[in-house]
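Subject: Structure handover

Hello,

Here is the structure I said I would pass on. Please look it over before reading the notes below it.

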Amino acid sequence: MEHQHILRQPNNYGIGNPGYVPAANAMFAPPVSESQGPSAPPASMFDSMPGYEGTVAGGAGGFLPPPMPTHPVPQPQPGPEQPQWNIPSISENTAREAFALFASSKCCYSSAPAKDGVITNMEAFNTYRYRLETFTEVRSTEWSHEPYNGQPVDAFIQSPPGPWDIPAKSNNYFMNSKQIIKVPYTSSVKNCHVCVGMGRKPCKQCAGAGNKVCWVCNGSGFRHGDDRCHHCNGRGRENCNHCHGQGSTQCDTCHGKQQLLVYINLTVKWTNNSDDYVVEQSSGLHLDNLSKVSGKELFKDSQYLVYPVMGFPDPTVVQAAHRLVNEHQAKYSQTSRILQQRQTIELIPVTKVTYSWKGKSHIYFVYGNEFKVNAENYPATCCCTVM
């Protein structure tokens, strides 16, 4: 095993080597592996804690299902009625200004079509976007450790609180966040598993010898013929700069403290799970463009569990709302605790503009509250290369 050299000579650690020439087996010791000692703590390092029996190191303990609610779950209520579901189209001046700004933002686009083109027709293809957000909380546990520096040790003083009994609260709904909490009454002190409680590990540069072959004379002690090497004074070996001749380095895991504080960490994750449905429109503008813009909010409803929207003039939105609400409540109630849901309907303005320039007809689209422009076949572009 890699640790036998350490266990046979525990008193040599932390002491400078008496000379450059070690024992023969140390002189030609093979390089030490990058991962000295076990990479993961042994299972025996962790105590059995009531309510946390499945917790392991590395966070593979799995999902902790939330407990059944102690109070009746509030039933979703129909959202407020919205009498006005539509907005007017944009004006011709707004369409022209958006087109001019679009052309000026492109280095290879001439401004002539935007300045001189004559608008001949404008068609509104306003569409709706339904969005459902489900804000959830997930909890998981894992064993963790840190160098022991006299921190409080409280394991077995009393039973630790259950993972869902530990208070944790998100600062804001519908925003992703995470909190890591040290579980009370799980902290104990153990010998470091990496250095076997020594606080130091064999130097990987010199294999624990404290010195290595001189790079100038390649271990011969001479430069040319009988000319003794002045770098190593003819000894053929030089002091290891990595460990300063000690043959060992401080353990990276316990930072030389020899002991670790071992405890259970509770990770609480809040996630906003969102799905959209955009009503198809026949303007010719790809729906992918609409994901980059906002619209006018026509409807908003936020509850613990929302009720699918009703009374909307477009039946495909009503159908999408029923489908997504059922899917979210079935999916996320099985894997997490649902804290809040929110559904919104936006009207995204989409205007198809037809214009004439140099005797030919062309089109572009103006869409979203930001008045974004899409003009895939802009009639005046140049070919330029960025060196």
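This is a predicted model: local features need pLDDT of at least 70, side-chain atom pairs count only at pLDDT 80 or more; totals for chains, interfaces and linings use all residues.

Residues are numbered from 1 along each chain as its sequence is written, and side-chain values use heavy atoms, with hydrogens and water left out.

The protein chain has five helices and 14 strands (DSSP runs numbered from the N terminus: H or I of at least four residues for helices, E of at least two for strands). Of its 387 residues, 41% are buried (under 20% relative accessible area, with exposed meaning over 50% and partly exposed in between; 1.4 Å probe, protein chains only).

Strands β12 (residues 350-357) and β13 (residues 360-367) are joined by eight bridges; Thr351 has Val366 of β13 as its bridge partner.

Helix α3 covers residues 92-104. Its buried residues are Ala95, Ala98, Phe99, Phe102 and Ala103. These lie on the same side of α3 because they cover an arc of only 135° around the axis (the arc of the directions from the helix axis to the C-beta atoms). Asn93, Glu97, Leu101 and Ser104, on the other side, are exposed. The buried residues of α3 pack against α4 (112-116) and against β1, β12, β13 and β14 (contact means heavy atoms within 4.5 Å).

Regards

Terms used. Two strands pair if DSSP finds at least two bridges between them. The expected span of a helix is 1.5 Å times one less than its number of residues.
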